Amino acid sequence: MSEVKKIAVIAGDGIGPEVVAEAEKVLKRTEELFGYRFETEHALFGGIAIDEKGTPLPQDTLEICKSADAVLLGAVGGPKWDTNPKELRPETGLLGIRKALGLFSNLRPAVVFDCLKDASTLKPEVLEGTDLMVVRELTGGIYFGEKFRRDTEHGQEAVDTCAYNVSEVERIVRQAFEIAQKRRKKLASVDKANVLETSRLWREVVIRVAPEYPDVELEHVLVDNCAMQLLRRPSSFDVIVTENMFGDILSDEAAMLTGSIGMLSSASMGEGSFGLYEPVHGSAPDIAGQNIANPIATILSVALMFRLTFGYADAADAIEAAVAEVLDAGHRTGDIAVDKSKAIGTTAMGDLIVAAMKK
Ligand code: NAI
Ligand code: MG
């Protein structure tokens, strides 16, 4: 029997509980098929936690997450809490949980499913075979640097500063190399080393640690060139690692290769194998409670958890293959359907994927 893995499950608000319920069916099916064992513990977070406990991130939720091997998160937020003061807003909980769990990298796969190639604005032949992962540094750089305003003889001046130290760069670069080793063994390190000092340090670190990962093919790409190459030759990328702001922009650009937000999974990682897994989309209050949300982003987040935290590549492959099979057979939720009248619901999509999973 395999070791029991503890998963903290945070359904959250809006469509969160609906899509998480489908992901939990996939967990259960994985146990049956592969003999892995999961213990799930549900915790309150976001708007629902504000309503029931008076804070978006209750202490016991944090304890449950800290004692787990991984966290599965739906989504939080909604109009009900939008006008609350900052400390009573769901987004404050998101920042708080990432910080409290030491999550310094955000991983976003962009996979183009063959049968959804038409959903993108790019030509299908350009997208063919695209399967990449953006690894974005999440806690440093210009978003967290000192910022201020001062008066000058030319009027007010605003200053943002960008700082990175060696250890901040090294931990994420090593993580990206390790992820590349589990994929197609190609890493693109993206910087602006022709102009920025932080980028020159970034590149020095990459060059220094690269010999420890001789099986990974490394390229350095300037960020402006990377923005172009993502549209020109997306399928040539495997793993892209970059600093916070470049990663923010490039991961959104990469997301648009794939078509719908209902398909995009993500992980936030810290040291070691612990990770928080969630769909890229939000709580979609406009479609909540109607059983029409696409659960695939959350289901693919489970596959990501299996691959990155548990090392269950066989089960991750099975989930991804099942999703591809169901899409190939023509089943679509409303967000990815061409003919909306034939769209299926959240639970029907989850059931089809579970039924298609094979060992
Ligand atoms: P959103 O991602 O929730 O929705 C954007 C659009 O995409 C909506 O039309 C929605 O119906 C659609 N959509 C999203 N997920 C879908 C799915 N799985 N299937 C089908 N259609 C889907 O972003 P929005 O509207 O900007 O934010 C709504 C709430 O979610 C806000 O309170 C926001 O703060 C929160 N949010 C939470 C995030 C998180 O929990 N990590 C991330 C982004 C937003
Ligand atoms: Mg963004």
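Guide: A nonpolar core is a set of buried Ala, Val, Leu, Ile, Met, Phe, Trp, Tyr and Cys residues joined through C-beta atoms within 7 Å. The model discussed here is predicted.

Visitor: Which residues have the most contacts inside the largest nonpolar core?

Guide: In soluble globular proteins, nonpolar side chains tend to be buried together. In this model the largest nonpolar core has 104 residues. Those with the most contacts inside this core are Leu72, Val302 and Ile319.

Visitor: Which helix gives the largest share of this core?

Guide: The core of 104 residues includes Val302 among those with the most contacts. Eleven residues of the core come from one helix, spanning residues 296–310, and this is the largest share. The helix is H10.

Visitor: Which residues does Leu72 touch?

Guide: Residues up to four places away in sequence are not counted here. Leu72 is one of the residues with the most contacts inside the core. Its partners are Ile7, Val9, Val20, Ala23, Tyr277, Ser301, Val302 and Met305.

Visitor: Which element gives the most to the side of domain 1 that touches domain 2?

Guide: Between the two domains, 16 residues of domain 1 are in contact with 16 residues of domain 2. On the side of domain 1, the elements that give two or more residues are strand E4 (105–111) and strand E11 (265–269). The one that gives the most, with seven residues, is E4.

Visitor: How many nonpolar residues does that side of domain 1 have?

Guide: The side of domain 1 that touches domain 2 has three polar and four charged residues. Its nonpolar residues number nine.

Visitor: Is Arg98 buried, exposed or partly exposed?

Guide: Arg98 lies in helix H4, residues 90–100. A residue is buried if 20 or more other C-beta atoms lie within 10 Å of its own, and exposed if 12 or fewer do. Arg98 has 17 other C-beta atoms within 10 Å, so this residue is partly exposed.

Definitions and conventions. Residues are numbered from 1 along each chain as its sequence is written. Chains are lettered from A and ligands numbered from 1 in the order in which they are written. This is a predicted model: local features need pLDDT of at least 70, side-chain atom pairs count only at pLDDT 80 or more; totals for chains, interfaces and linings use all residues. Two residues are in contact if their C-beta atoms, placed from the backbone, lie within 7 Å. Helices (H or I, at least four residues) and strands (E, at least two) are DSSP runs, numbered from the N terminus. Ala, Val, Leu, Ile, Met, Phe, Trp, Tyr, Cys and Pro count as nonpolar, Asp, Glu, Lys and Arg as charged, and the others, Gly among them, as polar.
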